[in-house]
Every structure is written in structure tokens, then in C-alpha cells.
Amino acid sequence: MSNLTSRNDFILMGLSSLPHLQIPLFVVFFNMYLMTWIGNVSLLSAIRSDVRLHTPMYFFLGNLSILDIWYTTTTVPQMLIHFLRDRKAISFNRCFIQMFFFTFFGSTECALLAVMAYDRYVAICYPLRYFTIMGKAACISLASGSWASACTHSLVQTSLASQLTYCASHDVEHFFCEVQPLLKISCSDTRVNNILLTLASWAFGIGSLLFTLISYIFIIIAIMRIPSAEGRCKTFSTCTSHITVVTLFYGTAIFMYMKPSSNHSQRQDSLISAVYSVVIPMLNPIIYSLRNQDVKGALKRMIKRNLQGPPLKG
């Protein structure tokens, strides 16, 4: 108990190992955050304003855009403040609030990507029954189930972590409050926390990835049965944006969490975390806009309407 302290904050050490780059990093992350908002709000506006995009696929894409906005908002504003400060402190309460929302939004993204894979599976494997299977009630249930299950998981993880005792050193080897770095500096028995964290990682991470992969195995089998090469390419093109997003998201997450602990370094882990928590939410609307003709057309029509202004009366 002599190692315990009454300090009421944590020190986020993640990117402090680059003191000469704090201002350039501020500029880079501020611009990425701004682009995330602009890209996702533009995508949401295009989906809402164009009736041709009022389909299950774009309903889930709209959920993903909302998620990406708040996902980055959980970490980036605090990070930007710390770039301009010498002491990169965050209070206990704000740390656990940040942990809750980051875990919540990250888990929701895993679930939503799996739901979007299921949507593509139904669209390609059961095209005649697509709108029957993926009706309004089904879409709302799948989306709300993703949000609700992730919220429950995050609430459990954050509640357990907030009840731990932390040692004299409150230096967190990360640039935001995440469960694993906090468990490392706890003086309490964290076996229950680690077991639940592992189970949740399998459910939301590995489980969602396996579900996505299985969906695409059936999709590929269905596509290979299409007689014409043009038909196969056209059908597969409806999946390319989602495949790209899934590859980026899970690729960085797997590299971050599945590599041997001996290979961990603070600077490398912080940069990889920045990719999946900041860069990917910025890239998602760009990927869907560039690789999807329907979204690209809706954005062009929306921009044209805004430039022309409202129609004149009389």
C-alpha cells in the first residue's frame, strides 16, 4: 500500500516520446479530424438527401459514419490539447469516460462491419428475397443490437477497471485511456479483468471477423456461379468498399494486439493505435465515395443542388 498515491489523474505518455514533433503532430491530427467530420457528414447528407440510397446497405453505412465521427471525437480533441501542453494529464473521471466511449464505439464498429457483411451476403446470395429479409425492422434490430451489445460490454469493462487500485506511477503508455494500458499499472488483482477482456476480444474482434470471412466465402461461391465475367465483376464491385474497410480496420487491430509482447514499443503501439482510431475513420467515407458509383453520384447531385441554391418562386 506504500506504493499507492492520492493523485487524482493519469499522465498519457503515448506520443510524448516525440517532443520535437508536438506542433507538427497537432497540425496533422487536427486536419485528419477535420477531414473525418467533413467526409462523414457529407456522406450522411448524401444518403439522407438521395432517395436512391434509402436501402439497407446505406442505412448501415450511415450508422458507420455516425460511429466514425464520435469514435474520433472520443480521443482526438484531448490529444490535440495535450500536443500543446507539457504535462499531458487527464483526470480519473475523464479517463474512464474516455475509456467507456472508446471501447463502446470500437466494439460497435466490429459488430457493424459484420452486419454489413451479412447484408452483402443476403443481397448477393438471395437477391429476390433481399428486401424481404432485410426489411426495416430487421435493419433496425441488427443496428440497435450492435450498439446495445457494445454498450453493455463497454460498461462492464469500464466499471471493473474503475474499481481497481492504481500504483504510485500513473503514467499510461498510451495517448488515450484504454483498458489494457490501465490494467498494466494497477496494483490490484486483474485476472478477472483480463479474462473478461479476452472473452470480449474473441466475441467482438475475432468473432465478428470470422463471421465476416464466412459471409464472404459464401459470397465468392455465389459470384463464381455467375456465368458472365462482366456479371461477376459488377456483383463483386458492390463489396469492394466494405472489403477495403474491413482489411484496414482488422489488419491494424490484429497487428496491434496479436503480436508477441516482446515486440511491443510505446512509440510503435501509439502510431498503430492512431491508424485504427483516427486514420481509418477518416478514410472510410473516402473509400465509399471513390469506389461506389451510387455514393459518388449522390454527392455530385447534392453539391450541384447546393451550388444552384433553392428554386426561385414565381
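Arginine 191 is exposed, its relative accessible area being 59% (buried stands for under 20% relative accessible area, exposed for over 50% and partly exposed for anything in between, with a 1.4 Å probe and protein chains only). The model is a predicted one, in which local features need pLDDT of at least 70 and side-chain atom pairs count only at pLDDT 80 or more, while totals for chains, interfaces and linings use all residues. Residues are numbered from 1 along each chain as its sequence is written, and side-chain values use heavy atoms, with hydrogens and water left out.

Arginine 191 has a partner in aspartate 189: the two form a salt bridge whose closest N and O atoms are 2.6 Å apart (the criterion is a side-chain nitrogen of Lys or Arg within 4 Å of a carboxyl oxygen of Asp or Glu). Aspartate 189 is partly exposed, at 47% relative accessibility. Side chains of opposite charge can pair when their charged atoms come close. In total, the structure holds five salt bridges.

One of these bridges joins aspartate 50 to arginine 301, with N and O 2.6 Å apart. Aspartate 50 sits in the loop between α1 (22–49) and α2 (56–83), whereas arginine 301 belongs to helix α11 (residues 293–308), so this pair ties together parts that are 251 residues apart in sequence. Aspartate 50 is buried at 5% relative accessibility; arginine 301, at 30%, is partly exposed. A network of salt bridges links Asp50, Arg52 and Arg301. Another salt bridge is made by aspartate 119 and arginine 120, whose closest N and O atoms lie 3.0 Å apart. Aspartate 119 is buried, with a relative accessible area of 2%, and arginine 120 also counts as buried, with 8%.

Turning to the overall fold, the protein contains eleven helices and three strands (helices are DSSP runs of H or I with at least four residues, strands are E runs with at least two, and both are numbered from the N terminus). Along the sequence the elements follow the order β-α-α-β-α-α-α-β-α-α-α-α-α-α. The protein has 314 residues, 48% of which count as buried. Contacts (heavy atoms within 4.5 Å) between residues at least 6 apart in sequence join residues at least 24 apart in 79% of cases.

The three strands form an open sheet with mixed pairing, in the order β2-β1-β3 (two strands pair if DSSP finds at least two bridges between them). Strands β2 and β3 are the edges, as each pairs on one side only. Strand β1 (residues 9–12) runs antiparallel to β2 (residues 89–91), to which three bridges join it. With β3 (residues 171–172), the arrangement of β1 is parallel and rests on two bridges. Isoleucine 11 makes a handy reference point here: in β2 it stands opposite alanine 89, and in β3 its bridge partner is aspartate 171. In a regular strand the side chains alternate between the two faces of the sheet. Strand β1 is covered on both faces, with Asp9 and Ile11 buried on one side and Phe10 and Leu12 buried on the other.

Apart from neighbours within four places in sequence, serine 186 is in contact with Leu164, Thr165, Tyr166 and Cys167.

The accessible surface of the protein is about 16300 Å², and carbon and sulfur atoms account for 67% of this area (computed by the Shrake-Rupley method with a 1.4 Å probe; for residues, only the protein chains shown count as cover). Leu210, Leu213, Ile214, Ile217, Phe218 and Ile221 make a nonpolar surface patch of about 550 Å² (patch residues have over 30% relative accessible area and no salt bridge; like charges are joined within 9 Å, and nonpolar side chains, namely Val, Leu, Ile, Met, Phe, Trp and Tyr, within 5 Å). Isoleucine 214 is placed in helix α7 (residues 191–224) and is partly exposed, at 47% relative accessibility.
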